[in-house]
Structures are given as structure tokens and as C-alpha cells.
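Colleague: I have just opened this one, and I am new to it. Could you walk me through a few of its features?

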Amino acid sequence: MASCCNSLRLEGLISSSFRSSKRPSNAISIPSFSRLSTHGFPLKNNSFSVSHSPSFTIKASSSSTTIAEPEGIKITSVPTKPIEGQKTGTSGLRKKVKVFMQENYLSNWIQSLFNSLPPEDYKNGVLVLGGDGRYFNREASQIIIKIAAGNGVGKILVGRDGIMSTPAVSAANGGFIMSASHNPGGPEYDWGIKFNYNSGQPAPEPITDKIYGNTLSISEIKMAEIPDVDLSRTGVTKFGKFTVEVVDPVSDYLELMESVFDFQLIKSLLTRSDFRYNFRPLLSGNGRMGVSCIRFAFDAMHAVTGAYAKPIFVDKLGACLDSISNGVPLEDFGHGHPDPNLTYAKDLVNTMYSENGPDFGAASDGDGDRNMILGKKFFVTPSDSVAIIAANAQEAIPYFQGGPKGLARSMPTSGALDRVAEKLGLTFFEVPTGWKFFGNLMDAGKLSICGEESFGTGSDHIREKDGIWAVLAWLSIIAYRNKDKKPGEKLVSVSDVVKQHWATYGRNFFSRYDYEECASEGANKMIEYLRDMASKSKAGEKYGNYVLQFADDFSYTDPVDGSVASKQGVRFVFTDGSRIIFRLSGTGSAGATVRVYIEQYEPDASKHDMDAQVALKPLIDLALSVSKLKDFTGREKPTVIT
């Protein structure tokens, strides 16, 4: 593995390698790409099929004043006023597109970010800019570039067409990410922006709190008066000492993946005759049913991983081209909802559960940091997925050949990973929901593999969850289990791997009920009601057939820096290990999303094949009754069940 960049500040064009897993944590460091290829966009058709959003620019008003002209660049001070509602959630600022298109809405937030950082952290330095290709990204890119230049940034590295996955931006040690993640895109839907700090992790709460504080007092935007940059072609554009470099978004991330995984091992699986040449129904590139020669399927959901799928899975690993469905990034995600779960990735799910479906299926979300893993007629829960990757990592993935350093999960995620950590003798951490909470542990060398039940899985190769990484990890496990199988022998399948894991560790039945876009008032009242109930509860109290061990509102103290995150979810934990958890999600753009998590541990192998909804029904009924969810929200049933 290449060594980490030594610079802790953004001073000039900092050379770096994507391969580093040891990253400084005490200052911002956002180096450039070091090996940028220009071989072109990886898919034959990289044009967007929907019309661009209306022309949207920030122009200096009559009251704007020139504040500097460094090296011929005119920088003006554009007067502005604070705009309400710019507090970031779990993963940045997310609103409807029309909100961001209001005058100065995006500009205020970007300027507030620069106002929140010490000038030495970005002056004459390098920032990365990327996004998931959604509607408004092109216009937003130009705004961000001009404000960055106006604040003295030396260079912006931007993915071609503004496209770069969240994991790829993190691998470059961070910058701006234009994405609303798994939320839908288009003129009537969602847009988002976040800033990845330090070693590529989402900006921690002290930074986001400072940004929000500055949005409440902002009075000017520093804007460089430069023309829009052509983002459709790789290359360098200079304005005095300020430089914009449009880069291929795939090549360095691909090189990182090659340094983590044994690509030859994976290729040996995807190209073996008894895994490949079986004619089966599969999603074609246009999303309709077709005929293909593969038993591997990846649905990019018309999102950012469409740019990465062909060069990785097809060109490098030998999968059939038809194995990639919905592989062209579109501004509206093909009118779809780019959330890789059983509800929104329905076409892939139907294919995998068909009579002659593939043996391995996967999908990723809008910005490429989430994943879903499927076997033939078999769904792998995200909680099980991270536990199984951790249990098999040392033998199947070269990056972990010395063994993982530690394991962690978000609090609502099932306890399956806990049991792996105990068996392997590894340090284990339970953190609040939000990938930013894993970053300090990674930088301190305490954590290697982690995951969230919300379809996020990753490791310390970067500081974000990583959808492609998770798919490659699973392919590595399946390939390793089958490496000695002769042609014609029965191959170890996804379901075989999961069931063998359950036989060793027991099964944690798990489900999550999402109630999206609830009225905020009712949702908040429900959580307050549950907090009050938890605070008054006592161990030993009966809840139907369950005996309470404890109930609380989860609080977390970071073992590295001592920071405290409180009110992270109301938990009811019972003596048999079962759990019911209630929290409000911070990843939506409108209203409130109520999430209810239900978990029950089952050591008896004879019961492992039960349907999770059947096994969990008593707990589900208890959760709905205890919370009075219908009374508070008016909802009869969840939007999504996973």
C-alpha cells in the first residue's frame, strides 16, 4: 500500500495516492489525483437523456463591489442575507431542487463553509468537486467553482460532467459532494450538498454546526467573475493562478480497488464456464427483460455507479456487458428512486427471484455509497452483510490479510457483527447513525470494517461507505469459497455462505419499517413521548411476553476525542436480546422519516429459515402499540419495509 500524504494543509497541489489507509486527522488535507487518465467516459453513451435544468447563474448585482483582482481575476462581494433552514442533517444539506434554486440559497451555504474554515486550510490549495449526476449538478458546479476561486482556492479538481461517486471523492481525501444520495432526482425532487473534511470523512458536527452558525449571519458572497467551465471534456482551464481540472472520475478509484482486492480471484469466478455460460432471463441495459449469458447482475439504477460498473466489472473482471443494467447516469435516474432496497430496486429483485434468475445480484444508490446484495431467491440483510464480510475478510480479501483491527456498527444495526467481533477477539464499537462517527476510530487505527443497516458497508480504505467495495467484497468471498471447485461441481452460493454463517453465529432476525415524509410535528411528538416513556421505565417491566432489560435514548461518547452525541434513538432492549428502536432519519429532504427497527436473536438453527416478518411479528406488533405510531403520524402502514 502506498504511503499517506504527509501534508496536513492544502498548500499548493499536494501529491497523493488513493491507496493510503493511514490518514492524518488533525487538519484538512485534500490532495489531488495523482494518476488521472483521459481514456473517456466508461460507457458508450454518456449523454443525459433528460433536458438540462434552466440556465442558472449568479451575477454581480448593481450593489456588488470589487474586492480584489489577483492575477487578473476580478473578485466581487455580492451582498446577501441569511436564509432560514440551512442546518445540515446526517449527511449534509438536503432540500428540494426548487429550494436550492432560490437566489443565493446554495451560494450562502458554500460561502458559509469557507467562512467556517481557517484560510490557511484552503488558500492556494486544492479541492475536489464531484456528484451523482442528478438534476442541477451542472449549474451548481459552476457556482461552487466561482465561489471557491473568490475565496482564494488555488485549484478545483472536478469529475467529468460533474460526476464522481462519494467513495471516489473520499478516496481523494475529500471536497464537495453534490448529491441527495438515495433520494430521487429531477426538477420536482431532491438535491444536496456536503463537504468531506480532513481524511475524506463527512465533516464532523463541530464543523457543520459552525457552517450553520455562519448561515445565520452571512452578509456577502465572494464571487470570482470568470466564465463557466466546460465540464464535458477532461483537461485544464486556467484563470490567472486559479485552475480548474476536469478529470476522469473512474481511473484512480479503480486502481484503489485493485490494491484492496484480488481481481484475478474475482475474475476466475466471473469467467468460469459453469458460472458464466447459462442462458437466463436478466435485466437488459434499457431496464427491460432480456436474455443474457451471465449469472451475475449489477443494477446501477441510472446513478453514478453506472460510470464505474463497466470498467470494473466488465473490462477488468470479465463479466458480460449485459450484466450491467441501468448503467447510464441520468439527471432524473430514469424516473426512478435510486435506493438499493427491496422496494425501489424492484426490477432487480424480481429478476433475482425469477425461476431462472442469476446467482449473484447487487445494486448501488445515487452517489454510490450504498449497496444491496442478493443471491438467487435470497436477500442478504445489510446487518448480516457486514458481519459476513468481517468474518471472511482475512482469508478472502488481501487488504485484510493481517486481520481487521476492529469492527463497528451503527446503533440500530443488528448485533450480528458483535458476535463476529467476540469470536475473532476484536475490539467492537457501537456508534450513532451517520458514517462520520466511524472516521475518528479509523484515523486512530481502531477500526477496519463497519456498516449500517441502511445499506451502507465499508472499511478504512476510505472514510465513506462504499457500494462498489461491498459488491467486490462479496464477489471475493464467493470466489474464494469456489476457487478449488472443478467445472461441474456444485458451487457455493450466496445463500450457502449466509446460512453457514448463521449456523456458526446464530441468526439475528432484523427488519426496518420506514414511514417517509410524515408531518414533522406528529413525528417529533411521538419521539418525545417515547423518550419520556424510556426515562421512566424500570428493568423487569413486562411488555407483552417480553421482559425489559433497559430503555434509554442512546448517547455516544467518542473514545478518541471525547465528543458526545446525544438523543440518537430511543431503545427498548429486552432480556432475551430483542430490541425495538425508534429514531427520526436525517437523510430526507422534506417532512420527517420515522424509522422503527426490530431485532430478535435466534440461536436455534432449525428456525433460521423462517421469514423475518413472521419471526418478528410479535415484536413488530409491540413496537407499533408502544409507540402509538398511528395516532401520532396517521400512518396505517410503512412506506418501505426492509
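**A first walk through the model**

Modeller: The buried residues of α2 are Y105, L106, S107, N108, W109, I110, Q111, S112, L113, F114 and S116, where buried means under 20% relative accessible area, exposed over 50% and partly exposed in between, with a 1.4 Å probe and protein chains only. This is a predicted model, in which local features need pLDDT of at least 70 and side-chain atom pairs count only at pLDDT 80 or more, while totals for chains, interfaces and linings use all residues. Residues are numbered from 1 along each chain as its sequence is written, and side-chain values use heavy atoms, leaving out hydrogens and water.

Colleague: How many residues of α2 are buried?

Modeller: Helices are DSSP runs of H or I with at least four residues, strands are runs of E with at least two, and both are numbered from the N terminus. Helix α2 covers residues 105-116. The helix is mostly covered, and of its 12 residues the number buried is 11.

Colleague: At what angle do the axes of α11 and α12 cross?

Modeller: Axes here are lines fitted to C-alpha atoms, for helices over the stretch in contact, with angles from 0 to 180 degrees between N-to-C directions. Helix α11 has residues 382-396 and helix α12 has residues 416-424, and their axes come within 8 Å. The crossing angle is roughly 15 degrees. That makes α11 roughly parallel to α12, a label for angles under 35 degrees, with over 145 roughly antiparallel, 65 to 115 roughly perpendicular and the rest oblique.

Colleague: Which residues of α12 meet α11?

Modeller: Contact means heavy atoms within 4.5 Å. From α11 come S383, D384, V386, A387, A390 and A391, and their partners in α12 are A416, L417, V420 and L424.

Colleague: What is the relative accessible area of F455?

Modeller: F455 sits in the loop between β21 (449-452) and β22 (456-459). Its phi is positive, near 70 degrees, though F455 is not glycine. Most residues other than glycine have a negative phi. F455 is buried, and its relative accessible area is 2%.

Colleague: Where is D161 found?

Modeller: D161 is another non-glycine residue with a positive phi, about 60 degrees. D161 counts as buried, at 8% relative accessibility. Its place is the loop between β5 (155-159) and α4 (166-171).

Terms used. The expected span of a helix is 1.5 Å times one less than its number of residues.
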